[in-house]
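Visitor: I am new to reading protein models. Could you walk me through one?

Guide: Gladly. Have a look, then ask.

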Protein chains: 2
Amino acid sequence: MSETKNSAPSRPLARTPRGFIDRRADALMAERSVVEKVLRVYESWGYERLETPSFEYADALGKFLPDQDRPNEGVFALEDDDGQWMSLRYDLTAPLARFVAQNWDGLPKPFRRCAAGPVWRNEKPGPGRFREFWQCDADCVGSARPEADAEAIAMGADAVEAAGVPRGLYVVNVSNRKLLDGLLAKIGIDAGDVRTRLGVLRAVDKLDRLGAQGVELLLGAGRKDESGDFTKGAGLNPAAISQVMAFTATRKATRKETLAALAEVVGDTELGGEGVAELAAIDATLAALGLGEDRAFFDPAIVRGLEYYTGPVFEVELLAETVDDKGQKVRFGSIGSGGRYDDLVMRFRGERAPATGFSLGVSRLVAALSAAGHAPQARSGPVVILALDADAMAGYMQMAGQLRGAGIAAEVYLGQSGMKAQMKYADRRNAPIVVIEGSTEREAGNVTLKDLNLGAELAQSIDSNEAWRKERPAQILVPRAGLVAAVQDMLKR
Amino acid sequence: MSETKNSAPSRPLARTPRGFIDRRADALMAERSVVEKVLRVYESWGYERLETPSFEYADALGKFLPDQDRPNEGVFALEDDDGQWMSLRYDLTAPLARFVAQNWDGLPKPFRRCAAGPVWRNEKPGPGRFREFWQCDADCVGSARPEADAEAIAMGADAVEAAGVPRGLYVVNVSNRKLLDGLLAKIGIDAGDVRTRLGVLRAVDKLDRLGAQGVELLLGAGRKDESGDFTKGAGLNPAAISQVMAFTATRKATRKETLAALAEVVGDTELGGEGVAELAAIDATLAALGLGEDRAFFDPAIVRGLEYYTGPVFEVELLAETVDDKGQKVRFGSIGSGGRYDDLVMRFRGERAPATGFSLGVSRLVAALSAAGHAPQARSGPVVILALDADAMAGYMQMAGQLRGAGIAAEVYLGQSGMKAQMKYADRRNAPIVVIEGSTEREAGNVTLKDLNLGAELAQSIDSNEAWRKERPAQILVPRAGLVAAVQDMLKR
């Protein structure tokens, strides 16, 4: 330490780490308000708040991220001073599994929990793709019932609506991993052949993006994309490929029709039959809860990347089209997802603890709402009291205190600049009103109130007629003793 | 990856990392509710929400923690894949300095910001001492005015009261680093003699804990504590020690008296004079804002550990006495602190950006409130609908949906156990009401409602007289169609 004491300090560069961002008032409040609304929905469904720490021991967290080709396999990890490796959580589900296993005997079962908070991914950052973002989850551990899956789906739909997505602008697409597992058994792929299984899952997952032809290539030898990059395929033979493609074509207009089509294609396999029966029970519960096809749709091509899913899986798709940097219309895609993960707690306990849940991508949802023109309104700033006389500061501070006492956000300008700069400051603070007390006002026992909202309206209005101006003047002189009442009146305008 | 595929997986142990904890519903909600109330106070003072990322580049974060003898000097750090070191923030102030320096030209100045979130300290964990905890801060950057310091103090007091600490149970103790700097100059300690300066600061900081005698030892040769550990002292001569002790005795009953005493002891030095003048201006503003000595007190012995403070410093002391594990009465001590740090932004920019702020230790405050008997009430759980018939699940789910539609939290039991276990489950969920629809009820078009709150009251009451029981029966049979209204009635009791 002492070695560097006398060397001239070099200035650090002020910058956020790569892939991390600062969130300022409006964007932040939009996110937090979504989180609050969504948590309130989860709690109304009986889900109890729980917050696990940011860190988990690496072995407890496990490795379930879809892309494991990054350093530390996609997580931020460090070695504690006792030699144990800890990782920042990459989602809220793996820590829940650890919590449930650790507290099994003391928990009411099934255990419903909800949580919101940041998760971290050690991934290559990109536009709109950050290495720290918020998720808002609800999970039910200890129930194998399909009603629990249906609940996750219906609650997800409720949550998305509470967050501000109008009905009709989203749909929950539901499938079941067992359907595809039945299909794989039928075309002779061994359950232990992880590589081929994953290859098929990933190919089917890309149906929306690549179309049937692209998926067929990925199921077979492989596919070269527009940039020339080649992705190796799952290596199926033509007969198997056509059966997988028949499977992806079971998506029909209604849940009942899809169920019938699925029964035909995979219903004769053990797993496929189970999958269809579970979806049928989910359909019945969704109907009881009043969710039609416009809100919850069966789409057998839905796979979801996370490897811990074992049964029903679903994702919430935002149907709004937005425009990208190049003016191209783009579908926003998934803003939340979920599914059943019956083996995650078993990693710790050795016995099954069936579980299912839903996770909402908060930042993604807010970005989607903004892009679709549903951004929340910016909030008004505080009333700003100008600081015109150094000797009168105590009085200015007192005014602010009185306004706050009446529930009105208020502050005194505390810089050293003149009146013009102070007015500009108030404007940048989005202040609705400026309070001015110069020496003339003070000697007469008055203050001047300036209505900045009105100023902004007048500046925008072409027809700024004088009569209206008089009725609602942009600036009034009021007795100092009547400050609070006058501000209240002006804010009510 | 493929190498380990065939080895039998060993089960990870389910445990939280050392020094980290899970927070469950009641404790978590108590913390979050404090955060919300405190942020609302900050916002009413004109402070704008801002959230910086968890990570900062290590050089941008700097090294300002009091204990630098731990690995990574008290922070959690890791190397990014581009070779840059990143650290998890150890407070919310250092990241704010980085943000302000990075966005200087675009910010309204002075820039008032508030923030709440977790911070991480790579410290040895202990009882009640965690390595991840929440802070809730408000800072004003760009104002050198003492009114900004007074504002931080008064706002801190408001925040603590909003969080639920009754007036009279806390006091904000205020001092100014310049007082001590003036004193050090007076007794001939060079400003560049960092080691002696820190030694004196730390000794004075321990006045409350060690008493005058202990401080005297630490100012001189050193002190052996009860366990026999020796702490090396600042090495002052006896004359200097007596001047420092005279300084610590300037704490008087009123702010005005303390100011007079301080003027006498250090007012004749340049820095001491500045310090007294700043405190006098702070006193005037506090008086204008209505804060008497019962809320904001001048205590020249207050130092605060963080090394970036340059002027006024303060801490919020909880006055409640609590009882420790051994039944000993203990003072809870500091639940929040703040001060002026004029050089922190300058690290990046080269020119001064004066700043001052306040930081509340959320977890500590909630723990203190609980220990002092002011813990918030546990919230009621959801209405629980029992699952008695597998065939009737859709109907049960529908009931829950109808209750939620009326704004009542409700859930269906989704396990596989019998009625007795389900009742026990409802009890553990803190359910106010259980809804029971067996086949008898269903055939008659009825449901039974069981009032668990009443059950709990009856169990506690000695005088369980029959008349009262009839007027408010613990269990009623109602038509299925009247479920929602009947539940609403029962909740209103």
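Visitor: Which residues touch the most other members in the largest nonpolar core?

Guide: This is a predicted model. A nonpolar core is a set of buried residues joined through side-chain atoms. Here the largest one has 111 residues, and Leu449(A), Tyr42(B) and Leu236(B) touch the most other members. Helix H4 of chain B, residues 146-162, gives the largest share, 9 residues. There is also a second, separate core of 110 residues. Val38(A), Trp134(A), Val303(A) and Tyr425(B) are included in that second core.

Visitor: What is Tyr42(B) in contact with, beyond four places in sequence?

Guide: Its partners include Tyr47(B), Cys114(B), Cys136(B) and Asp137(B). Met155(B), Ala159(B) and Phe358(B) are also among them.

Visitor: Now a helix. Which residues of H14(B) are buried?

Guide: H14(B) spans residues 419-428, and its buried residues are Gln422(B), Met423(B), Tyr425(B) and Ala426(B). They lie on the same side of the helix because their arc around the axis is only 155°.

Visitor: Which exposed residues does the face turned away carry?

Guide: Lys420(B), Lys424(B) and Asp427(B). After the helix comes Asn430(B), with a positive phi near 60°.

Visitor: Where in chain A is the pLDDT below 50?

Guide: Chain A has a mean pLDDT of 89, with 91% of its residues at 70 or more. Residues 1-8 of chain A are below 50, and this stretch has 1 contact beyond near neighbours in sequence. Residues 67-71 of chain A also stay under 50, yet the model gives them 10 contacts beyond four places in sequence.

Methods:
Residues numbered from 1 in each chain as written. Chains lettered and ligands numbered in written order. Predicted model: local features only at pLDDT ≥ 70, side-chain atom pairs only at ≥ 80, totals over all residues. Heavy atoms only, no water. Buried < 20%, exposed > 50% of the residue type's maximum accessible area, 1.4 Å probe, protein only. Helix = DSSP H or I, 4+ residues; strand = E, 2+ residues; numbered from the N terminus. Arc of directions from axis to C-beta. Core = buried A, V, L, I, M, F, W, Y, C linked by side-chain atoms within 4.5 Å. Contact = heavy atoms within 4.5 Å. pLDDT = per-residue confidence, 0-100.
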